[in-house]
Amino acid sequence: MLSKRKKISIAIAGAAVLGVAGFLVLTSPWTWSAVHSLPAAASADSPADIDNGRLIFMASDCATCHATTGQDSDEHLGGGKVLDTAFGKFHMPNISPDMEHGIGSWTLAEFDRAVREGVGPSSLWPDGNNLYPAFPYTSYQRLIPEDVRDLYAYMMALPESDKVVPDHELNFPYNLRRGIGVWRLAFLDGKSTAEIGIDTADLPAGIDHAKFERGRYLVESAGHCVECHSPRTFMGNVPNEKRYAGGPNPEGSGHFPNITPDETGTGFWSAASLANYLHTGVSPIGRQAGGDMAEVIENTSQLPWQDLQAMAVYLKHISPIDKPAPGMPEPNFTEEVVMLDTAFDRSAPLPTSDPQEISKGDDVFVAGTKSLYTTSEMEQAKTEDGKFLSGAKARVLARQGDKLQLEISGWQPENAPSVIYQEKGQRVIMAALGDKAVAAAQRGETEIEPKTDQVWRPVTLQVWSDANQLNLSQEELWSFSQNAYQTACSACHSLAEKDHFTANQWIGTLKSMKRFTSFNDDEYRLILAYLQNHSHDLSPDIPALVVKKASEGVPQ
């Protein structure tokens with residue numbers, strides 16, 4: 001008869017065996033397959049469509065993660081990119097058709113299982129190797145078998161790479177790959193695209209159902225848009241009620257925006273704007289896609305225009321979610337004026353050079369409005385003799401301590417001696433003059449501007465000012481102004497194109513909006529000077545902006 005101690009030992013051993021067996025069963029890829037049913041993989045003997053495989057490859061954004069680091073080709077898939085997340089570092093593997101270092105030894109069935117079920121072949125486990133969901137098989141599971149077959153055929157025709165990529169460097173317990181089997185059981189739903197989102201019967205009248213379904217397929221499967229544009233729980237899954245509502249970049253370097261058709265998302269974007277953005281990377285407010293999205297656009301820009309239209313139609317009809325981005329206030333739908341509790345002055349300092357670096361003979365550019373004087377005895381002057389305006393160019397003739405003698409050259413209308421313009425016939429003001437400065441100015445012979453029949457005189461003025469609010473680099477002024485314009489003005493206006501506006505038009509355009517901005521006068525004048533100097537009539541030799549791939553018939 002067994003002693004009590006032996007019985008306890010046997011019980012503990014039995015419990016341990018049962019625990020290990022339970023863990024292996026629970027985490028086994030076979031367990032997930034037993035309780036879910038995906039369409040069977042396509043036959044390896046069925047003919048593959050390489051062109052369609054290329055399309056699925058681009059829609060799936062494969063090269064963004066798996067392209068060989070250090071080269072630009074989307075056909076070299078040696079991997080090496082590192083995704084640094086809260087879970088640890090994921091090293092994007094080599095998925096080229098190399099037999100040793102890539103996936104060249106995989107069969108179509110093994111490839112299909114990896115793509116749609118998140119299970120790769122394993123030499124250790126007979127049931128396969130659980131893949132981490134950094135590989136978005138939670139979306140790829142919705143690909144139809146024929147598209148997976150075509151993708152496989154295309155990828156196996158690409159160049160081989162012998163690049164060796166290190167294993168993932170993950171924190172405990174995420175480094176226990178077998179445990180991903182539990183995650184798959186909980187969060188890999190096995191649904192087709194038809195089971196995601198709204199029913200076509202609930203679509204508004206006039207929506208093309210075939211186009212909507214094509215868009216749903218591309219967005220919810222190959223495009224895997226939900227994987228980036230959604231928040232995640234501490235378990236790394238996307239909560240269904242927050243799909244497409246935006247979320248933090250897993251690398252901690254920013255925020256992926258809400259792309260639902262809500263006021264806090266893309267509610268004001270039309271379907272045409274969405275499609276054009278996927279094609280060109282230019283948003284309805286004139287912003288160019290950057291960061292991760294710029295890499296996505298490199299792929300979506302190569303998709304057929306009708307597919308981009310379909311994706312846009314679908315995205316316009318997903319459920320709207322009210323989720324402002326960090327720091328963004330809730331929309332105010334009332335007639336009451338609401339002041340933000342966190343309001344503060346965000347004016348950036350004007351770009352200026354160190355006054356001590358400015359020397360005789362330098363060309364300087366005015367950053368902020370400056371007083372000018374006709375003599376070097378500035379301290380004794382009761383009033384200024386005029387002003388330099390932002391953007392004006394002057395030459396340093398002499399320096400006395402902190403005082404500079406500056407020479408400015410420009411043009412004056414015959415009957416307006418108190419203003420100096422940058423060019424004849426153009427309303428780009430560089431200086432406004434008082435009586436003493438008007439008298440000190442040196443004027444040349446009159447000229448008639450043929451476009452307007454106005455009479456102009458060239459003018460040169462030598463005056464004194466201090467060394468502050470000047471910059472030795474005009475490019476720094478224009479860069480500051482361009483960023484200010486893109487950050488604020490382009491929220492409503494598309495970016496300036498040099499063949500669309502004249503210098504004269506910009507005065508009215510910005511002047512009418514001045515009361516709606518928080519720019520101070522110097523910032524406003526600097527932005528105005530930048531736009532005027534980049535208008536068509538002042539930069540006639542600069543070609544107009546050409547939208548990439550516009551020749552393919554995309555509406556502009």
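Strand 16 (residues 447-449) pairs with strand 17 in the antiparallel sense over three bridges; two strands count as paired if DSSP finds at least two bridges between them. This is a predicted model, in which local features need pLDDT of at least 70, side-chain atom pairs count only at pLDDT 80 or more, and totals for chains, interfaces and linings use all residues. Residues are numbered from 1 along each chain as its sequence is written, and side-chain values use heavy atoms, with hydrogens and water left out. Helices (H or I, at least four residues) and strands (E, at least two) are DSSP runs, numbered from the N terminus.

**Around strand 17**

- Glu407 finds its bridge partner in Gln462 of strand 17.
- Strand 15 (residues 442-443) pairs with strand 17 too, antiparallel and over two bridges; here Gln442 stands opposite Thr460.

- Three strands in the order 1-2-5 make an open sheet with antiparallel pairing.
- Its edge strands are strand 1 (82-85) and strand 5 (169-170), each of which pairs on one side only.
- Strand 2 (residues 88-91) is linked to strand 5 by two bridges in the antiparallel sense, and Lys89 stands opposite Glu169 in strand 5.

**Helix 13**

- Helix 13 (residues 305-315) is largely enclosed by the rest of the structure, because nine of its 11 residues are buried; buried means under 20% relative accessible area, exposed over 50%, and partly exposed in between (1.4 Å probe, protein chains only).
- Among the buried residues of helix 13 are Trp305, Asp307, Met311 and Tyr314.
- These buried residues of helix 13 pack against helix 3 (50-59), helix 9 (209-222), helix 11 (271-280) and helix 12 (291-300).

- Asp127 sits in the loop between strand 3 (119-120) and strand 4 (129-130).
- With 4% relative accessibility, Asp127 counts as buried.
- The side chains of Asp127 and Arg178 are joined by a polar contact of 2.8 Å. A polar contact is a pair of N or O atoms within 3.5 Å; within protein, one must be able to donate a hydrogen and the other to accept it, and residues adjacent in sequence count only if both atoms are side-chain atoms.
- Leaving aside residues up to four places away in sequence, Asp127 touches Ser28, Pro29, Trp30, Arg113, Val119 and Arg178, where contact means heavy atoms within 4.5 Å.

**A surface patch**

- Leu24, Leu124 and Trp125 form a nonpolar patch on the surface, with about 280 Å² of accessible area together.
- Leu24 belongs to helix 1 (residues 4-27) and is partly exposed, at a relative accessible area of 31%.

**The chain overall**

- The chain's secondary structure comes to 17 helices and 18 strands.
- Of its 556 residues, 42% count as buried.
- The chain exposes about 29,200 Å², of which carbon and sulfur atoms supply 54%; accessible areas come from the Shrake-Rupley method with a 1.4 Å probe, and for residues only the protein chains shown count as cover.

Terms used. Patches are made of residues with over 30% relative accessible area and no salt bridge: like charges are joined within 9 Å, nonpolar side chains (Val, Leu, Ile, Met, Phe, Trp, Tyr) within 5 Å. A salt bridge is a side-chain nitrogen of Lys or Arg within 4 Å of a carboxyl oxygen of Asp or Glu.
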